[in-house]
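Here is a briefing on the structure shown below. Please read it with the model open.

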Protein chains: 2
Amino acid sequence: MGIAERKLEEKQEMHKRILDGARKIFLQKGYDQTSMRNIAQEINYSPGSIYFYFKDKSEIFHELHKEGFLLLLNQLKVLQKVRDPFERLKASGRVFIQFAQENKDYYNLMFIVDEPVKNSLSEGFQIAEEAISYMQEMVSECQQNGKFTNMDTEYFTFLIISVVHGICALFCKNRNTSFIGKTDEELMENGYESFVALLEKS
Amino acid sequence: MGIAERKLEEKQEMHKRILDGARKIFLQKGYDQTSMRNIAQEINYSPGSIYFYFKDKSEIFHELHKEGFLLLLNQLKVLQKVRDPFERLKASGRVFIQFAQENKDYYNLMFIVDEPVKNSLSEGFQIAEEAISYMQEMVSECQQNGKFTNMDTEYFTFLIISVVHGICALFCKNRNTSFIGKTDEELMENGYESFVALLEKS
DNA sequence: TAATAATATTGAACACTGTTTAAAAAAGCA
DNA sequence: TGCTTTTTTAAACAGTGTTCAATATTATTA
């Protein structure tokens, strides 16, 4: 069955080739400014043929969306070795912010662009839910260690996510230019440390 | 000169009529799904004629963008009577969140959609900058009253804006469905109160 | 090897988009 | 009334996502 195998490989190669071209354009121009004809041109292909490998434009987007989540989760994974849950929690925020800084376009694709993410059953959302439970578990552990007692676990988790996302979302939309004299990175990192200071006093 | 006057009025009326139609579609479908032909059809007009009153689609968007800011600032204005800066600060966040809840589409247009807001000199940004200085002033007052001493004013202001925006942005993108058993409103309000609790302990 | 069947690719077509523009209509003025 | 300015329109242009019949390529079978 050598040929069937090769066929499959060729199909996967084409799949990857399209995805590579799409990634380049998507991360360069964003969702709307990326067209099927653009992608096709990038890899010297015909626009119609892409539909042989992907249902539609949104399916390509989804694969990149998922790619971004895997990248982020991979970077968070190294924090598993941090024993103290509060230290791990604080570090998670820093890693998250760093991810947004280094992967602005992915971050946009993952958390801000909403074109085709409407179906809540998509894989991206599943991963997102897992991430949230992970966060909630971490907060819960902190509470068992005597931190954030008198706080509702769920609401407090939501707050932490909001803080970090808020910091990153403003950055990704270039909305922090109004703070003059400070770079985006300074704002984000020190803004987050202000929050950490609040947590530490709690 | 009665006719010139009437002419001007007629022009303003047409301007308003287009804007009304555009508002309906924009807030219904968002930026990308709104087309000039859609707007024209809504008010029984020809697509091309819109360009007699607006430079392009983005200019229509900008007027609505500004509209949203004026609406928000109007709601914040009632808090001027609150003397204590810390109380005013806390209430501002609540008003902001409430605005996002009640005007989800405006919020999207104002803070999330980024199509034509690229030029930082737009009126929307000017208003945004004013809002930020206003916030910073409030934080500064709090510090003079002995709150948030040992915090950098600018970074701390950035944090507060991030918190509130983060809460609202997640809501506007329907990203909080992952917290089951709690309504969006509960999450937002109680999440914010968790933050207030942190502030109060500081 | 030749004929047939399955797979992969293409370019044209469809209905849509924002925007421009020449022509036509309407209104104001002499 | 004729003339000019303002307003409106439909058609056109170049772009979009997507579909599809025709074609080319490859694999299987006789």
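How many nonpolar, polar and charged residues does the surface near DNA strand D have? By class, that surface has eight nonpolar, seven polar and six charged residues. Ala, Val, Leu, Ile, Met, Phe, Trp, Tyr, Cys and Pro count as nonpolar, Asp, Glu, Lys and Arg as charged, and the others, Gly among them, as polar.

This is a predicted model; local features need pLDDT of at least 70, side-chain atom pairs count only at pLDDT 80 or more, and totals for chains, interfaces and linings use all residues. Residues are numbered from 1 along each chain as its sequence is written, while chains are lettered from A and ligands numbered from 1 in the order in which they are written.

**Chain A**

- Chain A has nine helices and zero strands; helices (H or I, at least four residues) and strands (E, at least two) are DSSP runs, numbered from the N terminus.
- The C-alpha atoms of chain A fill a box of roughly 60 × 50 × 30 Å along the principal axes.
- Of the 202 residues in chain A, 33% are buried. A residue is buried if 20 or more other C-beta atoms lie within 10 Å of its own, exposed if 12 or fewer, and partly exposed in between, with C-beta atoms placed from the backbone.

**Domains of chain A**

- The domain assignment gives domain 1 (1-54) and domain 2 (62-201); such bounds come from an automatic or database domain assignment.
- The C-alpha centres of these two domains of chain A lie 31 Å apart.
- Seven residues from domain 1 of chain A and seven residues from domain 2 of chain A form the contact. Two residues are in contact if their C-beta atoms, placed from the backbone, lie within 7 Å.
- On the domain 1 side, those residues divide into five nonpolar, one polar and one charged.

**DNA strands**

- Around DNA strand D there are 21 residues, of which Ser35(A), Gly48(A), Asp56(A), Lys57(A) and Gly48(B) come nearest. A residue is near a strand if its C-beta atom, placed from the backbone, lies within 6 Å of it.
- α1, α2 (36-42) and α3 of chain A, with α1 (2-29) and α3 of chain B, each supply at least two residues of the surface near DNA strand D.
- DNA strand C is surrounded by 19 residues; Ser46(A), Gly48(A), Ser35(B), Gly48(B) and Asp56(B) are the closest.
- Two or more residues of the surface near DNA strand C come from each of α1 (2-29) and α3 (47-50) of chain A, and α2 (36-42) and α3 (47-50) of chain B.
- The surface near DNA strand C has seven nonpolar, seven polar and five charged residues.

**Chain A with chain B**

- The contact takes 36 residues from each of chain A and chain B.
- On the chain A side, α7 (123-144), α8 (153-172) and α9 (184-201) each supply at least two residues. α8(A) gives the most, with 12 residues.
- By class, the chain A side has 17 nonpolar, 11 polar and eight charged residues.

**Core**

- The largest nonpolar core has 91 residues, and Ile167(A), Cys168(A), Ile167(B) and Cys168(B) have the most contacts inside it. Such a core is a set of buried Ala, Val, Leu, Ile, Met, Phe, Trp, Tyr and Cys residues joined through C-beta atoms within 7 Å.
- Beyond its neighbours within four places in sequence, Ile167(A) is in contact with Ile97(A), Met188(A), Gly191(A), Tyr192(A) and Ser162(B).
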